Amino acid sequence: MKIFLDTANIEQIREAAALGCVDGVTTNPTLISRESGKFEDIIREICEIVQGPVSAEVVSTDAAGMVEEAKKLAAIHECVVIKIPMIKEGVNALRQLKELGIPTNCTLVFSSNQALLAAKAGATYVSPFIGRLDDAGHVGMDLVRETLAIYENYGFDTEVIVASVRSPLHAVEAAVEGAHVITLPYGVFEKMFKHPFTDKGLAAFLADWEKVKGR
Ligand code: E4P
């Protein structure tokens with residue numbers, strides 16, 4: 001499973017990328033609004049760090065506007081993937097961008113019908129928002145399972161990015177389901193490294209080594 005980071009914070013991305021576990025990054029207007037600097041500059045810097053797919057979201061709500069924005073964003077760096085919202089105009093834009101050879105990530109996906117339509121329109125990635133579904137009393141991971149089954153049934157090559165992730169358990173479940181990608185908030189990424197037994201075990205080994213050292 002590929003791991004993307006769901007942040008626009010350069011320090012977090014730099015630190016995680018140095019560990020060799022990060023394959024890409026997803027951003028959205030909210031994440032960009034938390035950082036300082038120009039949108040284009042942030043995206044360029046992230047691309048240079050990760051050298052993998054970096055999602056940058058359009059803000060137009062009509063297909064022509066989305067395609068125009070997409071062309072400009074795609075010119076920033078070859079790693080840019082255009083994030084398109086799952087609305088009718090967005091599906092039209094997905095189809096046009098597929099024809100132009102510009103990779104896309106269909107975002108704000110909350111049903112398997114939406115995921116099916118995004119794949120038919122040629123989306124490179126689709127992002128089911130599982131945490132927001134969980135928050136509303138649904139089982140977000142059911143959407144991931146259904147989407148993967150639908151894509152498998154019909155041979156779609158659209159990759160599923162498990163998005164709106166809230167906990168390390170989401171990462172385990174996504175991997176067990178065989179999702180292509182998970183995009184992680186930095187806090188969840190950090191938690192995935194941790195286990196109390198690892199810390200306890202390491203402390204005991206180091207303490208015992210102190211006894212050996214003086215020999
Ligand atoms: C996905 O690409 C989105 O940026 C993100 O996962 C949304 O997550 P949120 O529900 O925590 O805002």
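Ala, Val, Leu, Ile, Met, Phe, Trp, Tyr, Cys and Pro are counted here as nonpolar, Asp, Glu, Lys and Arg as charged, and the others, Gly among them, as polar. On this basis, the shell around the ligand in the predicted model divides into two nonpolar, three polar and four charged residues. The residues concerned are Asp6, Thr26, Asn28, Lys83, Phe129, Arg132, Ala163, Ser164 and Arg166. Phe129 and Ala163 fall in the nonpolar class because Phe and Ala are counted there.

An N or O atom in the side chain of Lys83 lies 2.6 Å from an oxygen atom of the ligand. For Asn28, the distance between a side-chain N or O atom and a ligand oxygen is 2.7 Å. Ser164 also places a polar side-chain atom 2.7 Å from an oxygen atom of the ligand. On its own, the ligand has 350 Å² of accessible area, of which the protein covers 85%.

Aromatic side chains were examined next. Five aromatic pairs are present in the structure. One of them joins Phe4 and Tyr125 in an edge-to-face arrangement, with the ring centres 6.0 Å apart and an angle of 70° between the planes. The pair counts as edge-to-face because its planes are over 60 degrees apart. Phe4 belongs to strand E1 (residues 2–6) and Tyr125 to strand E6 (residues 125–128). The two residues are 121 residues apart, and their pairing links distant parts of the chain.

Definitions and conventions: Residues numbered from 1 in each chain as written. Predicted model: local features only at pLDDT ≥ 70, side-chain atom pairs only at ≥ 80, totals over all residues. Heavy atoms only, no water. Near = heavy atom within 4 Å. Polar contact = N/O pair within 3.5 Å; in protein donor to acceptor, adjacent residues only side chain to side chain. Areas by Shrake-Rupley, 256 points an atom, 1.4 Å probe, with all protein chains shown as cover. Phe/Tyr/Trp six-rings, centres within 6.5 Å; stacked < 30°, edge-to-face > 60°. Helix = DSSP H or I, 4+ residues; strand = E, 2+ residues; numbered from the N terminus.
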